[in-house]
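Welcome! Please take a look at the structure below, and then read on for a short tour of its charged pairs and its inner space.

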Amino acid sequence: MDMELRHLRCLVAIVDTGSFTDAALELGTSQAAVSRNLAALERLLGVRLLHRTSRDVAPTTAGVQVLARARAVLAEADNLVREAGTGHSRLRLGHAWSAVGRHTAEFQRLWAASHSDVDLHLVRTNSPTGGLAEGLCDLAVVRAAFDERRFGSALVGWERRYCAMASDDPWARRRSIRLAEIAERHVLIDRRTGTTTAELWPERARPALEHVNDIDDWLAGIATGRSVGITAESTVTQYRRDGIAFHLVGDAPRVPVRVLWRRHDPHPATFAAVALLSELYGERRRS
């Protein structure tokens, strides 16, 4: 006999209601069925799960551990059913750092107005594909390289690059910075999801690089004044922080902004999202 969810539901119901009788009422079944399911679970696990007296029911030491796992399994099963039930009525847009920058709020408002039947959720995941490869989202906004064989993609816009520095850095009083100047500084980069690589500079004129794993670590390191960083324009609007200043790197190549989706299973709203984002970035270019 294999373990089934009904076995776990009976255990949880017995403990939560305090009796087999009430558990049966809770589950809409007979007291005999509750007893059979608990007995089957105890046989499968090879341990006694409950202390039973004429007055109450309490989990054994093993029962406490199994109960905690049972609650987690049942919650995940319920989430699975809920996810399948919502189907395409929800669109999860993943990103690693800064969503779509200055367009984020407008994108959310316009989407709600024009696609009220599909709820939009932004999901931040510190992965190169913004959570798409991990199954955490339906679409992802990325600004770095990705596996083009695995994912479909569309270019929706371009963003300028900015240099991030401590607000008391001597450069903080300037309007713009050049790449060659940055090569003389210590540069902090997120090698996993960031947009800056050593290839921004000629091979013989590259800065000293230090790696971090998350934007919060990146900002914290820059705030110390020991390092600077280069980032896409979206970071400037989404991560304004005390102690950090951003200035344009005028001679740096712009950052491509792409939307990714699973090539063989795109969400039905994929191309509507791509069209809206392309329009928003296009309006920026025309303004």
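## Salt bridges

Arg149 is exposed, at a relative accessible area of 73% (buried means under 20%, exposed over 50%, partly exposed in between, with a 1.4 Å probe and protein chains only). Its side chain meets that of Asp147 in a salt bridge, 3.3 Å from N to O, and Asp147 is partly exposed at 31%. A salt bridge here is a side-chain nitrogen of Lys or Arg within 4 Å of a carboxyl oxygen of Asp or Glu. By this rule there are 15 salt bridges.

Another of them pairs Asp16 with Arg71, with the closest N and O atoms 2.7 Å apart. Asp16 lies in helix H1 (residues 5-17) and Arg71 in helix H4 (residues 61-86), so this pair ties together parts 55 residues apart in sequence. Helices are DSSP runs of H or I with at least four residues, strands are E runs of at least two, and both are numbered from the N terminus.

## The cavity

What does rolling a probe the size of a water molecule over the atoms show? It shows where empty space is left. A search of the whole structure finds one cavity of 30 Å³ or more: on a 1 Å grid over the protein atoms alone, a cavity is a set of points where a 1.4 Å probe fits but cannot get out, and lining residues have an atom within 4 Å of a point. The largest cavity holds about 220 Å³ of space, a volume being the space filled by probe spheres set on the points, which are joined across faces, edges and corners.

Its lining has 24 residues, and Trp97, Arg143, Thr193, Gly194 and Thr195 lie nearest the centre.

## About the model

This is a predicted model, in which local features need pLDDT of at least 70 and side-chain atom pairs count only at pLDDT 80 or more, while totals for chains, interfaces and linings use all residues. Residues are numbered from 1 along each chain as its sequence is written, and side-chain values use heavy atoms, with hydrogens and water left out.

Conventions:
On a 1 Å grid over the protein atoms alone, a cavity is a set of points where a 1.4 Å probe fits but cannot get out, and a pocket is an open set with protein on both sides within 12 Å along at least five of seven lines; lining residues have an atom within 4 Å of a point.
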